[in-house]
Protein chains: 2
Amino acid sequence: MKIITISREFGSGGRELGKLIADALGFDYYDREIITAIAKNQELEEEFVANMMDRDLWKTIPLKFNHSFDNVNTAEITQQDLLKEEERVLGEIAAKGRDCVIVGRNADYRLKDYHPFRIFVCADLDARIDRCLLHEETGGADTIKKIAKNIQKIDKTRARNTSIVTGIEWGDRSNYHLTVNTTDWELDVMAPVVANVALRWFESHGI
Amino acid sequence: MKIITISREFGSGGRELGKLIADALGFDYYDREIITAIAKNQELEEEFVANMMDRDLWKTIPLKFNHSFDNVNTAEITQQDLLKEEERVLGEIAAKGRDCVIVGRNADYRLKDYHPFRIFVCADLDARIDRCLLHEETGGADTIKKIAKNIQKIDKTRARNTSIVTGIEWGDRSNYHLTVNTTDWELDVMAPVVANVALRWFESHGI
């Protein structure tokens, strides 16, 4: 089974590149589907799960050594519960044994035993702002400066959460087979050749 | 004219990958050749030039505001002189108008007007130690610990010199089209597919 994982800077086009790679190779594709599965299993609203997963873990981890267990409201769903559920859903995806592309969710780390080909996608801030405007993913920001700030905040949270969940540094080149910069080329041009690098890697490792 | 530049961590195999890419594409290849040309033009020993170019620029920049010009020994060749000569040699290579791969020498920055495809090559420290042992490039170090220290020292100097010469951060993913990690695959497997990514990029940019 071939698994390609995509980690990415916000607005870099990592999600679209992942979809294009999956299409080029005829692989399954997982992105929002993981949130949908978690929401369904936990009988929660998808939007609630999505928002909760994107929160800054550092601020939401219960400081257990400061609390007696009696003080912890066990009926309340925490971000940690959802992270465990996320891990379970990723395990289910892998258990299917089908070739796939998975975007985000620290799948590179969580499915490391399946030897995924790990891609990190980045782009210049200006290119990322343009892409956010194009896709109307500005998080309500109405000026370029605010959009930039929003992008940087999201990436900071991603970096921090990855570090807490996996113990590895988000975006550090040593954690990925390939880091691709989407700044100055079209994703549909890039996708087949990057897919080809991944295929060749799998082939040379007998995967 | 298609120029591919390779920047790399010491021991990552960037030089070999560059040669393999050049061979795969039938491109000219420049690496040590640049040092040879500088030495020839300046009527200096090649080894002297190589050593001088690898020195820590931070420590060798003359603090001119502390010196009257009378105190500067103009007959002495400085690292800065060699850097200027290096820039001239790179300009000559580009002026030939032939497709080529250039390893190191901040060619990505210096030839930026020629729109090079910029690759950064990295690898885990263990893999780099192994490669140094294989190629007997241990810088006289006789223990793994010393080899590791040597690698880190060389990279630190490279990072610092790049920052001084170009003002950009060595190894920062935003400065390269592609960052490839050679840790767990064979360079001869990797070279043709990476070359193919570069070719496709040139094609899509009408280069």
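In the predicted model described here, A:Phe120 has A:Thr179 as its bridge partner in strand S5 of chain A. This pairing belongs to a set of 4 bridges that join strands S4 and S5 of chain A, which run parallel. Strand S4 of chain A also pairs with strand S1 (residues 3-8) of that chain, again in the parallel sense and over 5 bridges, and within this second pairing A:Ile6 stands opposite A:Ile119 of S4(A). Strand S4(A), which spans residues 117-122, is largely enclosed by the rest of the structure, because 6 of its 6 residues are buried.

Strand S5 of chain A, comprising residues 178-181, and S5(B) are paired in the antiparallel sense over 3 bridges. The contact between the chains as a whole draws 20 residues from chain A and 21 residues from chain B. On the side of chain B that touches chain A, the elements that contribute two or more residues are strand S5 (178-181) and helix H9 (187-204) of chain B, and H9(B) supplies the largest share, with 8 residues. Sorted by class, this side of chain B holds 10 nonpolar, 7 polar and 4 charged residues.

In soluble globular proteins, nonpolar side chains tend to be buried together. The largest nonpolar core of the model has 90 residues, of which A:Ile21, A:Val101, A:Val194, B:Ile21, B:Val101 and B:Val194 touch the most other members. When neighbours within four places in sequence are left aside, B:Ile21 is in contact with B:Ile4, B:Val101, B:Ala191, B:Val194 and B:Ala195, and two of these contacts, B:Val101 and B:Val194, are themselves among the core residues that touch the most other members.

Elsewhere in chain B, helix H2 (residues 32-42) and helix H3 (residues 46-53) have axes that come within 9 Å and cross at roughly 115 degrees, and the crossing of H2(B) past H3(B) is right-handed. On the side of H2(B) the contact is made by B:Ile35, B:Thr36, B:Ile38 and B:Ala39, while H3(B) contributes B:Glu46, B:Val49, B:Ala50 and B:Met53. By class, the residues in this contact are 6 nonpolar, 1 polar and 1 charged.

Most residues other than glycine have a negative phi. For A:Asn106, however, phi is near 50 degrees, a positive value in a residue other than glycine; this residue lies in the loop of chain A between strand S3 (100-103) and helix H6 (107-110). A:Asn106 is classed as buried because 22 other C-beta atoms lie within 10 Å, where the cut-off for a buried residue is 20 or more. In chain B, B:His115 likewise has a positive phi, near 50 degrees, and is a residue other than glycine. B:His115 is found in the loop between helix H6 (107-110) and strand S4 (117-122) of chain B, and, with 16 other C-beta atoms within 10 Å, B:His115 is partly exposed.

Methods: Residues are numbered from 1 along each chain as its sequence is written. Chains are lettered from A and ligands numbered from 1 in the order in which they are written. This is a predicted model: local features need pLDDT of at least 70, side-chain atom pairs count only at pLDDT 80 or more; totals for chains, interfaces and linings use all residues. Two residues are in contact if their C-beta atoms, placed from the backbone, lie within 7 Å. Ala, Val, Leu, Ile, Met, Phe, Trp, Tyr, Cys and Pro count as nonpolar, Asp, Glu, Lys and Arg as charged, and the others, Gly among them, as polar. Two strands pair if DSSP finds at least two bridges between them. Axes are lines fitted to C-alpha atoms, for helices over the stretch in contact, and angles run from 0 to 180 degrees between N-to-C directions. A crossing is left-handed if the near helix is turned anticlockwise from the far one by less than a right angle, and right-handed if clockwise. A nonpolar core is a set of buried Ala, Val, Leu, Ile, Met, Phe, Trp, Tyr and Cys residues joined through C-beta atoms within 7 Å. A residue is buried if 20 or more other C-beta atoms lie within 10 Å of its own, exposed if 12 or fewer, and partly exposed in between; C-beta atoms are placed from the backbone.
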